[in-house]
Amino acid sequence: MKRNSTVKDIMIDIFDFPHIPYWFTIRQAMEILRRVSSGKEKAVVSDTILIFDEKYNYMGMIRHRDIVFGLEPVLLKKTVWTGPMTEVSRDVTPLSEEMVARMAESLFKEDAKKEAEKQVREIMIVSKVSVSPDDSPAKAAYLMAQHNLPFIPVLENKQKLVGMISMNAVFNWVSAVVLE
Amino acid sequence: MGKLIDRDNPVKLYLQLADILKKRIELGEWEIGSQIPTEEELCKIYDVSRATVRLAISELTKEGYITKQQGKGTFVLKKVVADKLTMLVSFDELMIEPSEGIKTTVHAQTIMMPTDDLVDKLDVSSDKHIIYIKRTREFKDMVLLIQESFIPLHFCPYLLREDLQNMSLFEFFEKRASIHITAVKNNFEPTLLNAEEAKLFEYPIKTPAIMLTQQLYSGLNNIMFSRSVRRPGRGGFFIEFEKKSF
């Protein structure tokens, strides 16, 4: 691995990831992840699914955390309901132990089952940035940091998905360069 | 125990055995979902070699009578083939062929993972990518048929880029992919339109209709599973269904 390696030298095969179209439900996505991670021929990546449109154009991805938080949107809310007409910002007032316990008690019940029927497009990380096969891994690192992404797609001619760059791959490149 | 193998019969032993086993399933001696005897037991019962039993089992698997579950055994499948049409009828009737006044629209040509019953229908493991194709056949803007097809990606990845508006999948397999179709299994069953189908046909949800499911084989490989829903009220199959249910 050299400083002048390119994205295509370090990218992962897209078929190492499960694929689904955007109209699949969260429930179907969960079933797929469960089967893939317990399967004999274990997929290389079993915590992230790539999402495509009807013409097989890449749209985005969902990971374990997007599903967990997608089923209980309250987990991502910055404010929390604490009683009639009162909402508190978590940044200002951290929840008391008791309030955390009460909230936890209400999570992942019937409502979550209903939420699981939503389409994955409602909770996916929409693809906004990408790299080209000939870009430097440094560009991938920059975009992943800026957008807080676990993976960044590699698009050929800004359209066709040909690979994915993982933080692991970026790390390997960076360590080769820095420790040289 | 029923019929035994006839060694004077010129028909190959494994085919005779396959026929005997089929009878037991068709007559309900071996119930749906039940486990059939092990290979070893079958060797003893019918006094044949392990190789003969294996060939017979693979023949039945291919024809959709039974399914093998790794580490568990071999089980009788839910549905026994209801209707085995000839190749000719299948291709004219069920495949989307270009013809006068009939237009084909490709709604989807993308990739998914096998869900629900597809793992069995296509005999693939759950981490195998599947090409998903959804097309409709229309006459003067009236949708006649909605067809969804599922093909394991590894057989022909380039199918994703083919123009399927003007080509049937059969034509694709035979001419473009050099995959020869050796068997076709068809099933007709009543269904109720789901929301998406109802919208395409412009009929109310849950209108009774006929669904044709089809499996294509090339040798032992199950290369495609498809299901097609016909416009309600069209064709003899619907009438047959009406008589049965009312």
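**Figure 1. Lys139(A) is partly exposed, at a relative accessible area of 37%.** The model shown here and in the other views is predicted. In this view, the side chain of Lys139(A) forms a salt bridge with the side chain of Asp135(A), with 3.1 Å from N to O. Is Asp135(A) buried or exposed? Asp135(A) counts as buried because its relative accessibility is 17%, and the cut-off for buried is under 20%. Side chains of opposite charge can pair when their charged atoms come close.

**Figure 2. In chain B, Glu39(B) and Arg54(B) are joined by a salt bridge between their side chains.** The N to O distance is 3.1 Å. The two residues lie 15 residues apart, and the pair links distant parts of the chain. Glu39(B) belongs to helix H2 (residues 39-46) of chain B, while Arg54(B) belongs to helix H3 (residues 50-62) of chain B. Arg54(B) has a relative accessibility of 46%, so it counts as partly exposed.

**Figure 3. A salt bridge connects the side chains of Arg176(B) and Glu162(B).** The distance from N to O is 3.1 Å. Arg176(B) is exposed, with a relative accessible area of 51%, whereas Glu162(B) is buried, at 12%.

**Figure 4. Glu39(B), Glu40(B), Arg50(B) and Arg54(B) form one network of salt bridges.** The salt bridges of this network share partners. Over all chains, the count comes to 19 salt bridges.

**Figure 5. Chain A and chain B meet at an interface where 22 residues of chain A are in contact with 20 residues of chain B.** The two chains bury about 1600 Å² between them, and 58% of this area is on carbon and sulfur atoms. How many salt bridges are there between chain A and chain B? The count is zero. Six residue pairs are in polar contact across the interface of chain A and chain B. On the side of chain A that touches chain B, the elements giving two or more residues are strand S1 (19-21) and helix H2 (26-38) of chain A. H2(A) provides the largest share of that side, five residues. The residues of the side of chain A that touches chain B comprise 12 nonpolar, two polar and eight charged ones.

Technical notes
Residues numbered from 1 in each chain as written. Chains lettered and ligands numbered in written order. Predicted model: local features only at pLDDT ≥ 70, side-chain atom pairs only at ≥ 80, totals over all residues. Heavy atoms only, no water. Contact = heavy atoms within 4.5 Å. Buried area = accessible area lost by both parts, 1.4 Å probe. Salt bridge = Lys/Arg side-chain N within 4 Å of Asp/Glu carboxyl O. Polar contact = N/O pair within 3.5 Å; in protein donor to acceptor, adjacent residues only side chain to side chain. Helix = DSSP H or I, 4+ residues; strand = E, 2+ residues; numbered from the N terminus. Nonpolar A, V, L, I, M, F, W, Y, C, P; charged D, E, K, R; others polar. Buried < 20%, exposed > 50% of the residue type's maximum accessible area, 1.4 Å probe, protein only.
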